Amino acid sequence: MKKHQRLLCFLLTLLILLANTPTVYAAESVTNNEDKTASPYFYVESSEIGIDSFPLKDTSVTANIEGVVADIHVVQTYANEGTAPINASYLFPASTKVTVHGMQMQIGDQTVTAVIKEKEEAKQEFEAAKSEGKSASMLSEERANVFSMDIANIMPGDEVRIDLHYTEMITPTEGTYQFVFPTVVGPRYRGPVKDDSGNRDEWVAAPYLTEGTLPTAGYNINVTVSAGVPISALSSSSHQVNIAWDDSSIAHVSLTNPLEYAGNRDFILDYKLTGEDIGTGLTLNKGDQENFFMLMVQPPERIVLAEIPPREYIFVLDVSGSMSGFPLDTAKELMKNLISDLRETDTFNLILFSGTSYQMSDRSLPATSENITKAVKLISEQSGAGGTELSSALTDALAIPSDNDTSRNIVIITDGYISGESEIFQLINENINQADFFSFGIGSSVNRYLIEGISKIGQGEPFIVTEAKEASEAADRFSAYIQSPVLTDIQVSFEGFDAYDVEPAALPTLYAQKPLVLLGKWKGEPSGTIKISGKTGNGDFSQSISVADAVYGHSNTLGYLWARKRVERLTDYGVGGNNPEVKEEVTRLGLSYHMMTPYTSFIAVLDTVRNPGAEGTDVDQPLPLPLSVSNLAVGYRSGSEPGEIILLAGLAFILFMPFLYKKICLLLQNRKRMSL
């Protein structure tokens, strides 16, 4: 009897301790479909091969840059080395400017070319193929720069290759061209408002590897730059690379060590050209049904004005959990440089935000040395924890009383790891007359869709800071941009050239010194002139381009670029909303130009039934955390690290076990005496 009583005491003690142990949201398996927190969580690998194993084996990127157009193939290889069929899903990022227009699936010696279909139709076809036991793959757009891939019925021993083909345009800023290939989707913070798109829960709750853990998949990238003119500088700030030259205008770039996993940060390649810039000029295409043109015009040189009107700066700084460590340290350095560059005639304010926000002052303060010192001290005290409620912080910034005689500029510094981008874009769009919005993306794999969208809608300029040493340079560039816009009141006219469907429909103030890019269609004879006019700090600007001097290019490329621009205007940055006419037009564009959009997806199905009964294990592929992003970004209930939580739980168990054991035994003995 005493033995049973001791056992009961032990079990009750254990239950009490377990019930009060801190919960780690990350400790969930990818096979758990009931994610109650809808937060990112850590992937728990099984020791049993093939059940919860990591299906992606290799990613190979080949990019060919000719002139200002990059043609990119991404090949991802999977191998099911287990004993059971697998259905896999994963997320991968892309540039905000890409046009995905091709996909192939190869299983063994069978290859099928994907077709573009309406998103719901593609999903139904995929689910039908999955239930019938057919191997299938579906590619969909979750965000403008985040795609999802679903693969069904990967049989034991299968090697699967998915080849994605897309195009993007590269334009220079201040003479520097930059090709960016994002490699990982950072964990997105989910706000309290549920997303109306119906897919937020599916990808915000994606599994992640713990900080510093690298997946076993290989990663490689090869870029060929064919500039047409001599390349004066070529380097990567993100990776160690080898560069092989065919001649002074053609270079081949590859990773120095492909065996060293490099897929936890954006691949960034910068290059400059000698002599005439290839970004200037007119390109025409003649197609069977439509003709396209692309016009690139270099803006005038920047002229710094001696008299600059007073400006107000409201800095909105992200101090959330995902910014902890390197990103926040870099942001602090950036903020110190930005604030220190203010003139005495300027005013400023500071809003720190995570799950809540803190405002330095009710009104913006003069940029005196005393106020600057106070702001720098406040920034230095931040450590990084909590969610990322950018929307409420922006609302607070817009509510600060303003002076009509002062130009207001709202500067947002963040890694962009939120899921509610459309809410931010809508807020900025509704307040565009109150301020210009500038954005700084901090980190190795920032959410470029958010960073670029803020500035595009807010008529500002985006900046990306991937290393601490870039903070000072970025602050200097910001000061130069904002103090002297390059071109305002921009107008475009066509004389003797029958152009239509021109994108963009309206050109905003040009802050950065980069080419103006117009894409459109034309009919009739290729003749006449295109005139660009505007105002600079030194007076009027005008430039005319003769259509007769145009060069001719590939019709498919310009068609893809034009269609992407049109879709971007209709859907990106919260402009189109849930307008059914917008959805219909975007769907038509996707089907007509064989390209992926928010409403069209690629679907590939092998007709052979390969998995009778369609039984298989569902696996969500875990993503690595971006380089220098801590575990705090992945949904812990508190700011504690996982090791600290486990250690505290263990200590609690050891310290309180004897005490609770005695108390429970005493309680049971007293109850026994009372019953007697």
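**Exercise 1. Describe the surroundings of Ser439: with which residues is Ser439 in contact, leaving aside its neighbours within four places in sequence?**

Solution. Leaving aside neighbours within four places in sequence, Ser439 is in contact with Ile412, Ile451, Ile454, Ser455, Glu461, Pro462 and Phe463, where contact means heavy atoms within 4.5 Å. This is a predicted model, in which local features need pLDDT of at least 70 and side-chain atom pairs count only at pLDDT 80 or more, while totals for chains, interfaces and linings use all residues. Residues are numbered from 1 along each chain as its sequence is written, and side-chain values use heavy atoms, with hydrogens and water left out.

Ser439 has a relative accessible area of 0%, and because buried means under 20% relative accessible area (1.4 Å probe, protein chains only), Ser439 is buried. Finally, the C-alpha atoms of Ser439 and Gly453 are separated by 9.0 Å, although these residues stand 14 apart along the chain.

**Exercise 2. Work out how α6 and α7 are arranged: at roughly what angle do their axes cross?**

Solution. Begin with the axes, which are lines fitted to C-alpha atoms over the stretch in contact, with angles from 0 to 180 degrees between N-to-C directions. Those of α6 (residues 390-399) and α7 (residues 421-430) come within 9 Å and cross at roughly 15 degrees. Angles under 35 degrees count as roughly parallel, and α6 and α7 are therefore roughly parallel to each other. On the side of α6, the contact is made by Leu390, Ser391, Leu394, Thr395 and Leu398, and α7 contributes Glu423, Ile424, Leu427 and Ile428.

**Exercise 3. Trace the sheet that contains β11, β17 and β14: which strands stand at its edges?**

Solution. First write down the order, which is β11-β17-β14 in an open sheet of 3 strands with antiparallel pairing; two strands pair if DSSP finds at least two bridges between them. β11 (176-181) and β14 (231-236) stand at the edges, each with a single partner strand, so one side of each is left without a neighbour in the sheet. The twist averages 15 degrees from one strand to the next.

Then look at one pair in detail: 6 bridges join β11 to β17 (residues 267-273), and these strands run antiparallel. Among the residues concerned, Phe181 has Phe267 of β17 as its bridge partner.

How values were computed
Helix = DSSP H or I, 4+ residues; strand = E, 2+ residues; numbered from the N terminus. Parallel < 35°, antiparallel > 145°, perpendicular 65-115°, else oblique. Buried < 20%, exposed > 50% of the residue type's maximum accessible area, 1.4 Å probe, protein only.
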